[in-house]
Amino acid sequence: MITITGATGFLGAQLLASLLRRDDRPVCALVRGDPVSARERLLRAVRSTGTGPGTEAGSRAVWNADEFHRRVTPVRIELSAPRLGLSEAEHAALARRTQELWHCAADTSPLGQAAALHRTNVEGTRRVLELLSAGGRTARLFHISTAFVAGRRRTGLVYEDTLDEQYGFATLYEESKFRAESLVRAWARAEGRPAVVFRPSLLVTDRPPQAGEPRHWLAVQAARISMLERQDPAFVLRAAGLAGDDITFPYTAHVPGRPDALVNLLQVDWAVAAMLRCAAARTARTTVEPESPVETYHVTHPHDCSVQELVRTALSGCDWLDVTLDPEVTADGMRPLERFLIRLAAGLTPHWWSRRHYDRTRLEAATAGLAPPPELSGEYVRAGMSTPSSSGFSAPSPSPSSSSPSAQKGAVTARV
C-alpha cells in the first residue's frame with residue numbers, strides 16, 4: 001500500500017493523481033477531519049489536476065467516483081499526535097501495510113506562527129518517521145521539503161546536499177522546513193534507512209482554480225490583488241497620500257528590492273513527473289550508502305524568473321500602476337501605497353532581494369529522457385492567477401492598447 005499525507009493540497013493532489021495512474025496499488029490518504037467528507041475532498045482535489053486515468057497530461061480529468069473510492073481509503077489522523085492519533089492496533093496495521101510513504105502535509109504559510117508551524121512541519125514529520133520505524137525496514141520514505149531551506153542566503157549556487165543554517169531564515173516557515181528535513185536526515189542515519197528528499201521551488205499551474213479546489217501561491221496572491229483591482233485608481237492614490245495635482249497614470253510605486261532579483265517557479269505537473277522518475281531510480285537501487293542514506297533533489301526550473309517581471313504580471317489587471325524594485329528605497333521613504341503593496345505581498349518580499357540559483361545535477365541525472373519544463377511565459381502565469389468566478393472576485397484583463405509596462409506580454413523567465 002502507498003500512504004500519502006497532504007493529498008488534498010495543491011501538490012499532494014497532483015501527486016495522488018499520478019500515483020494512481022502509475023500502478024494499481026491501493027492508496028491510504030492520511031487526512032484531517034471526517035473520513036466521509038474527506039473522500040469527497042480528495043476526489044475534488046484530484047479532479048482539479050486536469051488529468052484522469054489513462055489520459056495525457058493537460059487533458060480533462062475523468063475520474064470515476066466508485067473506482068476512485070475503491071482505490072483510495074482516507075484515514076483520519078492528528079498529524080502531530082503520538083501514533084498520529086490512532087489506536088495502537090491501527091497504528092501497527094498502517095505501519096505494517098505501508099510500502100512507500102509520501103509526506104506532503106505541511107503548513108506552508110509564509111507568515112505562520114512559530115508554534116503552529118513547528119507542530120505541523122516538525123512534529124508532524126517526527127510522527128511520520130515513527131510510523132515508518134514501527135513498520136520494519138522495508139517501507140520507503142519520500143519527503144517533500146522546499147528549496148527555501150536555503151534560508152536567507154541571497155547569492156551563489158545552492159547544492160542539492162547543502163543543509164545549513166549559517167545564513168538564518170527569512171521566514172519561520174523556512175526554518176520549520178529546515179528542522180523537518182534535519183529530522184529526516186538524522187532518522188535515516190540512525191536507522192540506516194534510505195530516504196528521498198524533494199526540494200521543490202514555487203510550484204504553479206496555468207489552470208485557473210475553481211472554488212473549493214486547492215490553490216497555489218500565485219492564485220492566493222491573485223485573490224489578494226483583486227482587492228486593489230476593484231478600486232478606483234484615483235481614490236487609491238489619494239488614499240496613498242497624493243494630492244490631486246500629483247496624480248498621473250501610470251503611477252510608479254518604488255518598493256525595496258533588486259531590479260535584477262530572481263525567483264524560481266516550476267510547473268507542478270512537471271515537478272510531479274520528475275519526482276516519480278527520481279523515486280523509480282531510487283527504488284531500482286537495492287543498496288544504500290551508510291554514510292549518506294538520503295538523496296536530495298532540487299525540483300526546480302532550469303531557468304529562474306525575473307521578480308520584477310513577475311510583479312508586473314501579477315498587477316497586469318491594474319494597468320494604472322507600475323511597481324519598480326529599488327534598492328535605495330527605505331521604509332521611511334515609502335508612501336502609504338508602497339507600504340500597502342508590501343503588506344499585500346507579505347511572505348514573498350524576501351525574494352525581491354535574491355540572486356541565488358539551485359544546483360540540479362542529481363535531478364537532471366535521474367530525469368534523463370524527460371523533456372525539460374517549458375519556459376514560463378506571462379500568459380501562463382496570468383492564466384494561473386485567474387480568480388474563481390464564484391468567489392466574487394473578478395480580475396479584469398489589461399487593455400491590449402495599454403502602453404504601461406504591466407500590460408506587456410512575453411516571458412517572465414530570465415536567462416542568466
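## The second largest cavity

In this predicted model, the lining of the second largest cavity is made up of five nonpolar residues, one polar residue and two charged residues. The residues concerned are Val 149, Ala 150, Arg 153, Val 158, Thr 162, Leu 163, Asp 164 and Tyr 167. The volume of this second largest cavity is about 60 Å³.

## The largest cavity

The model holds three cavities of 30 Å³ or more. The largest cavity reaches a volume of about 280 Å³. Its lining comprises 19 residues, of which Gln 221, Val 311, Ala 314, Ala 345 and Trp 352 lie closest to the centre. Two or more lining residues come from each of α7 (217-229), α10 (307-314) and α11 (336-344).

## The nonpolar cores

The largest nonpolar core contains 42 residues, and those touching the most other members are Trp 217, Leu 228, Leu 265, Leu 315, Leu 321, Val 323 and Leu 341. Elements contributing two or more residues to this core include β8 (202-204), α8 (233-239), β9 (251-256), β14 (321-326) and α13 (378-384), together with α7, α10 and α11. The most is given by α7, which supplies five residues.

What does Trp 217 touch, leaving aside residues up to four places away in sequence? Its contacts are Leu 202, Leu 203, Val 204, Leu 265, Leu 310 and Leu 348. A second core, separate and made of 41 residues, has Leu 15, Ala 17, Phe 68 and Val 299 among its members.

Key: Residues numbered from 1 in each chain as written. Predicted model: local features only at pLDDT ≥ 70, side-chain atom pairs only at ≥ 80, totals over all residues. Heavy atoms only, no water. 1 Å grid on protein atoms, 1.4 Å probe; cavity = no way out; pocket = protein on both sides within 12 Å on 5 of 7 lines; lining within 4 Å. Points joined across faces, edges and corners; volume = space filled by probe spheres on them. Helix = DSSP H or I, 4+ residues; strand = E, 2+ residues; numbered from the N terminus. Nonpolar A, V, L, I, M, F, W, Y, C, P; charged D, E, K, R; others polar. Core = buried A, V, L, I, M, F, W, Y, C linked by side-chain atoms within 4.5 Å. Buried < 20%, exposed > 50% of the residue type's maximum accessible area, 1.4 Å probe, protein only. Contact = heavy atoms within 4.5 Å.
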